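This explanation goes through the pockets of one protein model and then turns to a patch on its surface. Please keep the sequence at hand while reading.

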Amino acid sequence: IADFGLCHRLDNDTSGCVLVTRSEKNYQFFRKAFQEQKIRKFYQALVLGQLDGEDSIDFPIAHHPRKAHKMMACATKQKAEANKARPALTHFRTLKIFADHTLLEVEIVTGTRHQIRVHLAFIGCPIVGDLLYQKPLEREQDQLKLEQLFLHACELRFPHPHTKQQITVKSELPEHLTKVL
């Protein structure tokens, strides 16, 4: 029986593409490719509020000092150092603006736990259905009341482990999220 490995993870309640390999050699290849940022990960997220255009969020992320299951963005170098934060870079662009929401395409360059959720909440536009990172007032404003995050890993781009040819894998938005739009 060949060894296999899950090369990366998605947050609970996040749908979409994941990369799995059936051999130890390929697993090591992909782990190195992730570390060297040769694998590109794209997501679709519906957020509270309106964001127009393209931008990047470049705040380090650390474990929350009082809530073990939660992460936090560090706005200052001192806070990042004190909390042993890891670098985190998130790019986003607007796909569609609604009355109270925005559909975004998000690319994460780094792969820090809860990165998209933390960064978008930090700039005041938490993901719809994200009870962990929405503030109480935002929860009240989240009229959609989804039972899961509106976060979908829609595309992976990576080099083939043998030919090095660029491979693109896409996953359409699930029907239950498409209905929300």
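In sorting residues by class, Ala, Val, Leu, Ile, Met, Phe, Trp, Tyr, Cys and Pro count as nonpolar, Asp, Glu, Lys and Arg as charged, and the others, Gly among them, as polar. By that sorting, the lining of the largest pocket has 14 nonpolar, 12 polar and 8 charged residues. The model is a predicted one.

The volume of the largest pocket is about 890 Å³. Its lining comprises 34 residues, and those closest to the centre are Arg9, Lys41, Gly111, Thr112 and Arg113. At least two lining residues come from each of helix H1 (24–35), strand S4 (40–48), strand S6 (61–63) and helix H3 (115–122).

The second largest pocket has a volume of about 310 Å³. Lining this pocket are 16 residues, with Lys70, Met71, Met72, Tyr133 and Lys135 nearest its centre. Strand S7 (71–73), H3 and helix H4 (136–141) each give at least two residues to the lining.

The surface comes next. Leu6, Val18 and Val20 make a nonpolar surface patch of about 240 Å². Of these residues, Val18 sits in the loop between strand S2 (15–16) and strand S3 (20–21). Is Val18 buried, exposed or partly exposed? Val18 is partly exposed, because its relative accessible area is 40%. A residue in a patch needs over 30% relative accessible area, and Val18 has 40%.

Terms used: Residues numbered from 1 in each chain as written. Predicted model: local features only at pLDDT ≥ 70, side-chain atom pairs only at ≥ 80, totals over all residues. Heavy atoms only, no water. Patch = residues over 30% accessible without salt bridge, like charges linked within 9 Å, V, L, I, M, F, W, Y side chains within 5 Å. Areas by Shrake-Rupley, 256 points an atom, 1.4 Å probe, with all protein chains shown as cover. Salt bridge = Lys/Arg side-chain N within 4 Å of Asp/Glu carboxyl O. Helix = DSSP H or I, 4+ residues; strand = E, 2+ residues; numbered from the N terminus. Buried < 20%, exposed > 50% of the residue type's maximum accessible area, 1.4 Å probe, protein only. 1 Å grid on protein atoms, 1.4 Å probe; cavity = no way out; pocket = protein on both sides within 12 Å on 5 of 7 lines; lining within 4 Å. Points joined across faces, edges and corners; volume = space filled by probe spheres on them.
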